[in-house]
Amino acid sequence: MDENDIIICRCEDLSLAEIREVIEEGYTNIDEIKRIIRLGMGPCRGGTCLQLIDRVLAEYQGAGRDEIQMPTNRPPVEGIKLKEIVGDAVER
Amino acid sequence: MLLKDRAETVIIGGGVIGLAIAYNLAKKGMDDIVVLEREYLGSGATGRCGAGIRQQWGTEMNCRLARKSMDIFENMNELLDTEMDIELKQQGYLLLAFSDKEMEQFRKNLELQARENIPSREVTPEEAKEIVPHLNTDDVVGGTFCPTDGHANPFLVVKAYEDAARRLGVEINTFTEAVDIIKEAGRISGVQTDKGFIATDKVVNAAGGYSCQIGEMVGLDLPVKPERHEILVTERVEPFQGPMVMSFSYNIYCQQTPGGPFLMGFGDPDEPASFNRKSSWHFLEEMAKKTYKLLPALGDLRVVRQWAGLYNITPDRQPIITESREVPGFYMAIGFSGHGFMIAPMTGILMSEMILGEELSLDINLDLERFEKGNLILEPSVV
């Protein structure tokens with residue numbers, strides 16, 4: 001399958017080919033990749049892509065998936081409306 | 001990559017400041033420049049900042065640095081020879097005053113800004129509402145607006161400087177920590193890293209929130225302190241807010257970035273000096289309250305992520321850009337007090353001129369001695 005058609009990060013619409021490009025430029029860390037092409041920065045907060053990117057990086061580095069350092073897990077756990085935080089009633 | 005064991009200059013800190021200095025030194029022809037970054041590039045304050053670029057400052061030095069830096073942001077593609085879109089957005093900063101006293105200060109700032117060729121102007125609450133229609137102007141007494149202020153993407157500006165510096169032969173070592181600076185007979189003789197020793201007689205402290213630790217390595221007690229500031233970002237929505245909305249007294253800044261998400265933050269007046277970079281529930285709650293009151297239309301936006309970073313604060317909220325008198329060869333570009341990103345382009349040029357003993361292209365005096373003399377000119381316009 002064409003790696004341009006394999007989508008790794010759906011929120012930011014990033015294909016495997018685009019991710020390989022950044023890795024081949026010399027970036028080895030998820031945090032670096034995140035900042036350059038916004039991998040994992042969309043509304044799903046890396047729900048899908050972070051489960052895939054570590055495999056890609058592990059392959060490049062000949063390492064186990066466990067050895068790939070995950071980015072800091074940042075709150076909130078899921079998207080929450082500003083007015084919900086304030087305590088205003090929100091229709092669900 | 002192997003470390004060079006000898007360098008003309010070692011720069012400690014791979015944020016936008018360190019990289020801008022490295023690039024400008026290399027452009028002026030210096031060889032053997034090494035940048036040391038403990039994590040990845042932009043991992044400290046640069047990559048955690050609010051991404052705003054503002055020229056509406058309250059001191060001559062900050063106005064000058066910001067005004068000239070804006071010229072560079074506007075021409076960055078040409079100057080750094082890059083095709084990258086740094087997401088420069090110039091739709092202004094709207095600063096709001098909530099009391100007559102605050103408005104008086106704004107008018108003084110406007111006079112100063114006019115002298116520095118910054119195109120800012122006074123606005124009434126009605127005009128503020130024309131500029132940002134969803135703004136709640138109930139308690140607003142006035143404000144100022146500068147249409148050329150705005151936003152750039154800190155990650156991509158870092159990458160633009162990184163790429164340009166590398167092309168000119170700068171050695172950039174990420175995940176490499178400076179653990180000590182070695183002196184011989186009062187002068188710098190090298191930097192010990194966790195991956196080896198680099199002989200050099202010039203070191204630049206560009207370590208942002210950690211700059212006091214680098215100062216300690218040469219025996220200096222620098223008048224800077226790290227302070228946590230928090231930010232949150234919302235989901236993407238169609239563009240509907242052009243300018244950054246900001247207030248010092250109400251204590252908020254909030255801007256829609258070109259991609260669609262809103263970035264917002266405020267400065268907690270009770271925040272202690274520390275290296276804490278964890279985000280808090282308290283911030284999320286306060287931020288939501290402030291935003292929902294001032295910009296009610298934003299209430300329906302979902303928060304996607306919150307984080308924190310370190311301001312490196314000086315007593316007068318102006319940076320320190322100088323060579324140490326006590327330790328010749330030890331240079332500092334520190335203490336940016338929350339506005340390092342927006343004045344990094346000019347800082348890079350000025351520091352390279354200082355290191356090379358050239359005449360400064362901008363009349364600035366941001367040395368350490370001002371803190372000993374007293375008579376500080378305080379920057380009033382900081383969130």
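Reader: Let's start with a pairing: what is the bridge partner of B:Ile320 in strand 19 of chain B?

Author: B:Ile320 has B:Ile334 as its bridge partner there. Before we go on, this is a predicted model, where local features need pLDDT of at least 70, side-chain atom pairs count only at pLDDT 80 or more, and totals for chains, interfaces and linings use all residues. Residues are numbered from 1 along each chain as its sequence is written, while chains are lettered from A and ligands numbered from 1 in the order in which they are written.

Reader: Thanks! How many bridges join strand 18 of chain B to strand 19 of chain B?

Author: Four bridges join strand 18 (residues 320–323) to strand 19 (residues 330–334) of chain B, and the two run antiparallel. Strands here are DSSP runs of E with at least two residues, helices are runs of H or I with at least four residues, and both are numbered from the N terminus. Two strands pair if DSSP finds at least two bridges between them.

Reader: And what sits between those two strands?

Author: The hairpin of strand 18 and strand 19 of chain B has six residues between the strands, and B:Gly329 there takes a positive phi near 95°.

Reader: Zooming out, how many helices and strands are there in chain B?

Author: Chain B has eleven helices and 19 strands. Its C-alpha atoms fill a box of roughly 65 × 40 × 40 Å along the principal axes.

Reader: Nice. What is the strand order in the open sheet of nine strands?

Author: The order is 3(A)-17(B)-13(B)-16(B)-15(B)-14(B)-4(B)-6(B)-5(B), with mixed pairing. Strand 3 (80–81) of chain A and strand 5 (121–123) of chain B stand at the edges, each with a single partner strand, so one side of each has no neighbour in the sheet.

Reader: How does strand 3 of chain A join on?

Author: Two bridges join strand 3 of chain A to strand 17 of chain B, and they run antiparallel. A:Lys81 stands opposite B:Arg302 in strand 17 of chain B.

Reader: What about the other edge?

Author: Strand 5 of chain B runs antiparallel to strand 6 (residues 142–146) of chain B, with three bridges between them. B:Arg121 has B:Phe145 in strand 6 of chain B as its bridge partner.

Reader: Back to the two chains: how many residues of chain B are in contact with chain A?

Author: 24 residues of chain B are in contact with 18 residues of chain A; contact is counted if the C-beta atoms, placed from the backbone, lie within 7 Å. Helix 7 (154–167), helix 9 and strand 17 of chain B each give two or more residues to that side. The chain B side divides into ten nonpolar, seven polar and seven charged residues. Ala, Val, Leu, Ile, Met, Phe, Trp, Tyr, Cys and Pro count as nonpolar, Asp, Glu, Lys and Arg as charged, and the others, Gly among them, as polar.

Reader: Now helices. At what angle do helix 1 and helix 10 of chain B pack?

Author: Helix 1 (residues 16–27) and helix 10 (residues 340–355) of chain B pack at about 40°, with their axes 8 Å apart. Axes are lines fitted to C-alpha atoms, for helices over the stretch in contact, and angles run from 0 to 180 degrees between N-to-C directions. Helix 1 and helix 10 of chain B are therefore oblique to each other. Angles under 35 degrees count as roughly parallel, over 145 as roughly antiparallel, 65 to 115 as roughly perpendicular and the rest as oblique.

Reader: Last one: where is the cis peptide bond?

Author: It joins A:Pro75 and A:Pro76, with omega about -10°. A:Pro76 is in the loop between helix 3 (49–61) and strand 3 of chain A.
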